[in-house]
Amino acid sequence: MRKFREFFIEKLILICGLAAIFFVVLIFLFLLKEGLSVFGTVSPLKFLLGKSWYPISEPAQLGILPLILGSLLVTLGAAAISIPIGVACAVYIAEIAPLKIKEVLKSGIELLAAIPSVVLGFIGMVTLVPWVKSMFHLPTGLTALSGSIMLAFMAMPTIVSIAEDALYSVPKSYKEGALALGATHWQAIYRVILPAASSGILAAVMLGIGRVIGETMAVMMITGNAAVIPQSILVPIRTLTATIAAEMGEAVVGSEHYFALFAVGIVLFVMSFAINVTADLFLHKKK
Amino acid sequence: MRNPKRAEKIAFFFLFLATLLIVVPVGLIVVIIIQKGSPAINWQFLTDIPRQGMRAGGILPAIVGTVYLVLGAIIFALPIGVLSAVYLSEYAKDNFLTRIIKLAIINLAGVPSVVYGLFGLALFVVFFRFGASILSGSLTLGIMILPIIITTSREALESVPYSFREVSRSLGASKWQSISSIVLPNAISGILTGTILGLGRAAGETAPILFTVAAFYLPQLPSSIFHQAMALPYHLYVISTQVPNVDEKIRYGTALVLLALVLFMNLVAIIIRYKFRKKKKW
């Protein structure tokens with residue numbers, strides 16, 4: 001009887017162990033199930049490279065290039081801001097800050113990670129958006145730039161904590177060797193410690209970018225939601241994520257629009273999958 | 001730069017500046033929300049339904065909806081997550097399957113939140129015909145927080161010393177008996193920390209509930225898990241972008257309640273972790 005119970009429980013544990021795989025596959029299958037239908041009416045190439053997104057006009061134009069470019073633009077902007085600042089902050093926390101300040105800084109960054117994105121979006125609307133508008137004398141502050149700044153901020157916790165881990169796990173003997181040879185602390189940091197931690201830092205940057213591409217609410221609230229190919233960083237844009245969030249509410253289940261939004265979901269899923277797998281490879285290289 | 005000491009000073013100054021650029025805005029955001037939101041907080045705001053097209057009254061249905069959703073998510077995710085962590089820490093061998101499971105967990109954590117929303121819509125709302133309901137929303141949120149619970153529980157289980165298991169097994173306990181009566185009780189605070197962090201995450205997310213449960217406006221409290229519900233994050237989104245002329249005070253007040261809820265849970269998690277570290281006997 002005891003043996004039977006043990007056997008049953010161990011099988012249950014194994015099934016739960018496989019749950020993560022099961023759900024990843026399930027998510028992908030259901031995205032495919034709903035999303036692939038759209039390619040009956042529009043070819044995959046036309047879908048990805050089509051220049052206009054008018055899903056409810058007659059006939060519907062389902063080209064997601066403006067959305068892809070919108071996502072890319074805010075992501076590049078966010079990366080340009082968050083990578084240097086995030087890595088610098090990680091170096092400061094890992095190498096320079098005294099122990100007590102280090103704890104305070106780390107909890108401050110954990111705090112940032114905990115703030116819901118809709119709250120950050122709201123704060124962005126009432127502070128950042130008017131600031132961008134008056135700073136650049138624009139008709140509206142709901143621009144790609146506002147989105148980039150906010151997203152850079154939201155990527156910080158990921159970048160800082162993973163990069164800090166990478167810097168921290170560099171063997172202390174490397175640093176001691178450099179200092180013993182007469183290097184200053186800063187020389188030891190950028191000649192020895194940073195290169196030694198480079199694959200971990202790269203992983204941190206990639207995961208930060210993954211976070212940025214997938215971010216939905218804040219970006220929808222402050223980038224203006226104009227599905228046109230962006231000509232500059234100071235115009236409203238619309239991202240892949242915001243499109244799904246803004247339009248799925250109105251799309252009729254089973255309509256072409258509904259399928260097209262799932263196809264956008266497939267694009268997002270594949271992107272985040274690629275980013276996470278690559279980042280994981282970099283993290284494992286380190287070990 | 002001729003003088004390396006001076007170069008070091010300049011470099012360290014910029015590193016410090018970068019750190020301030022992150023930490024100061026975080027503090028400012030919290031201070032602004034507390035300052036502008038607290039005048040709105042009173043008993044009526046917390047216990048009344050929204051009135052006059054959400055421009056007056058309170059936010060009770062949104063608070064209650066969020067509590068239901070979060071509880072539903074945890075009821076679903078906690079058993080699966082903890083057992084999954086038990087598998088990884090106690091049973092899994094270092095083989096290809098384990099590698100794939102770990103990769104799947106990382107990917108599950110990285111799936112954009114709006115894609116969870118799509119998935120919940122396709123599977124629970126449409127395929128299982130649960131409709132837009134608390135059940136659909138809870139299950140969607142539950143799958144979303146699964147990686148958080150698995151990862152933290154696994155860490156907690158692995159931090160229990162191996163000798164505990166050996167002693168228990170040598171006294172004749174079976175593997176599962178050792179796990180259930182020795183390993184799990186010793187890992188409970190770590191598991192609790194992960195659970196609360198998961199709760200906080202579920203309470204703050206908007207995109208996964210957009211199409212699976214969230215109601216624009218409901219004048220009464222939900223009475224069944226097959227009903228739609230309002231939720232705090234979605235309510236904040238609605239009153240700050242969809243409804244014109246809502247008093248700033250109400251927006252800030254809603255943001256404050258949501259922020260306070262999420263930060264409170266994180267604080268509790270941090271305190272548990274801290275006490276646990278101090279009490280550790282081994």
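Visitor: Why is helix H12 of chain A, residues 240-247, called largely enclosed by the rest of the structure?
Guide: This is a predicted model, and in it 7 of the 8 residues of H12(A) are buried, so the helix is largely enclosed by the rest of the structure.

Visitor: Which residues of H12(A) are called buried, and what makes them so?
Guide: They are Leu240(A), Thr241(A), Ala242(A), Thr243(A), Ile244(A), Ala245(A) and Glu247(A); a residue is called buried if 20 or more other C-beta atoms lie within 10 Å of its own, and therefore each of these residues meets that cut-off.

Visitor: What is the secondary structure of chain B?
Guide: Chain B comes to 11 helices and 2 strands, and from the N terminus on its elements run α-α-β-β-α-α-α-α-α-α-α-α-α. Its C-alpha trace spans about 70 × 70 × 35 Å along the principal axes, and buried residues make up 50% of its 282 residues.

Visitor: How many residues does each chain bring to the contact between chain A and chain B?
Guide: Chain A gives 66 residues and chain B gives 69 residues; on the side of chain A that touches chain B, the classes are 47 nonpolar, 13 polar and 6 charged residues.

Visitor: How do you know what confidence the predictor has in chain B?
Guide: The average pLDDT of chain B is 91, with 98% of the residues scoring at least 70, while the model as a whole scores ipTM 0.91 and pTM 0.92.

Key. Residues are numbered from 1 along each chain as its sequence is written. Chains are lettered from A and ligands numbered from 1 in the order in which they are written. This is a predicted model: local features need pLDDT of at least 70, side-chain atom pairs count only at pLDDT 80 or more; totals for chains, interfaces and linings use all residues. A residue is buried if 20 or more other C-beta atoms lie within 10 Å of its own, exposed if 12 or fewer, and partly exposed in between; C-beta atoms are placed from the backbone. Helices (H or I, at least four residues) and strands (E, at least two) are DSSP runs, numbered from the N terminus. Two residues are in contact if their C-beta atoms, placed from the backbone, lie within 7 Å. Ala, Val, Leu, Ile, Met, Phe, Trp, Tyr, Cys and Pro count as nonpolar, Asp, Glu, Lys and Arg as charged, and the others, Gly among them, as polar. pLDDT is the predictor's confidence in each residue, from 0 to 100.
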